[in-house]
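Here are my notes for a first look at this model. Please read them with the structure open.

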Amino acid sequence: MALITASDVSLGYDNHAIVKELNFEVNSGNYLCIVGENGSGKSTLMKTLLGLRSPLSGQIHFGDGLKANEIGYLPQQTVIQKDFPATVREIVLSGCQGRCGLRPFYNRQEKELADKNIERMGITGLKNRPYRELSGGQQQRVLLARALCATQKVLLLDEPVAGLDPNVTAGMYALIEKLNMEGITIIMISHDISAAIRYASHILHIGDRLFFGSKEEYLGSDAAKAFFVPYEGEGEMNYA
């Protein structure tokens with residue numbers, strides 16, 4: 001059974017549809033990259049998957065016992081979030097809030113989970129440091145550890161490498177790939193089409209043309225051909 005199935009979904013605001021008749025499914029272990037032009041509805045889809053918005057029409061079904069509040073989420077950071085006055089461990093531990101229910105404190109298992117994910121992200125030496133003092137790449141690892149405290153099934157990542165330098169970007173992509181290989185399903189919004197094609201198992205293209213399928217199928221699709229063009233004399237692809 002698919003973890004997430006979208007059937008004839010239309011998304012938008014105030015009954016104005018940005019995208020119509022969207023159909024796709026995400027199975028356990030998939031690495032789905034969502035690509036498309038600015039304003040095409042990628043972030044709106046992400047909010048809908050998180051249960052923060054409702055589709056204008058159609059249905060999104062969660063299977064295999066998955067609930068919207070069990071999806072780990074790494075959002076795009078704002079300037080205010082980057083300056084948040086808390087320690088690394090406090091921020092990572094806050095990812096366990098969904099597990100607490102009405103309980104006003106974190107239990108031993110949740111604290112151990114936070115410490116495990118801090119170690120998993122290679123930031124154990126930073127756990128007592130103020131978050132605001134960290135580099136952009138370190139902050140993203142903190143937020144990824146936080147997201148992992150909410151789920152062991154699905155991670156939603158909204159431009160996780162935005163603003164990072166090439167070396168840090170490569171490290172983040174390697175870390176996300178490792179999580180996927182460990183069994184976590186990845187759904188990632190990306191403007192980096194070359195990375196999407198390198199790492200993703202499936203591509204969802206939103207825009208004037210809709211496409212959903214494997215990355216190999218995407219490369220031969222009309223949606224891809226309209227979105228990027230080859231460099232002259234080379235086999236590499238570039239934005240149109």
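A residue is called buried under 20% relative accessible area, exposed over 50%, and partly exposed in between (1.4 Å probe, protein chains only). This is a predicted model: local features need pLDDT of at least 70, side-chain atom pairs count only at pLDDT 80 or more, and totals for chains, interfaces and linings use all residues. Residues are numbered from 1 along each chain as its sequence is written, and side-chain values use heavy atoms, with hydrogens and water left out.

1. Start with Ser40. By that cut-off Ser40 is buried, because its relative accessibility is 9%. Ser40 sits in the loop between strand 3 (31-36) and helix 1. Helices (H or I, at least four residues) and strands (E, at least two) are DSSP runs, numbered from the N terminus.

2. What does the side chain of Ser40 reach? It reaches the backbone oxygen of Glu37 at 2.7 Å and the backbone oxygen of Ile206 at 3.4 Å. Ser40 also touches Ile18, Val19, Ile206 and Gly207, residues up to four places away in sequence not being counted. Contact means heavy atoms within 4.5 Å.

3. 3 strands form an open sheet in the order 2-1-4, with antiparallel pairing. Two strands pair if DSSP finds at least two bridges between them. Strand 2 (16-26) and strand 4 (57-62) are the edge strands, each pairing on one side only. From one strand to the next, the twist averages 30°.

4. Strand 1 (residues 4-13) pairs with strand 4 in the antiparallel sense, over 5 bridges. Ala6 stands opposite Ile60 in strand 4. Helix 1 (residues 42-49) packs on the sheet and touches strand 1, strand 2 and strand 4. The direction of helix 1 makes about 120° with that of strand 1. Axes are lines fitted to C-alpha atoms, for helices over the stretch in contact, and angles run from 0 to 180 degrees between N-to-C directions.

5. Ser190 lies in the loop between strand 7 (185-189) and helix 8 (193-199). Ser190 counts as buried because its relative accessibility is 4%. A polar atom of its side chain lies 2.9 Å from the backbone nitrogen of Asp192. Leaving aside neighbours within four places in sequence, Ser190 is in contact with Ile34, Val35, Glu159 and Tyr173.

6. Last, the cysteines. The structure holds 0 disulfides (pairs of cysteine sulfur atoms within 2.5 Å). Cys96 is in none; its nearest cysteine sulfur, that of Cys149, is 4.0 Å away. Cys96 is buried at 0% relative accessibility. Cys149 is buried too, with a relative accessible area of 0%.

Methods:
A polar contact is a pair of N or O atoms within 3.5 Å; within protein, one must be able to donate a hydrogen and the other to accept it, and residues adjacent in sequence count only if both atoms are side-chain atoms.
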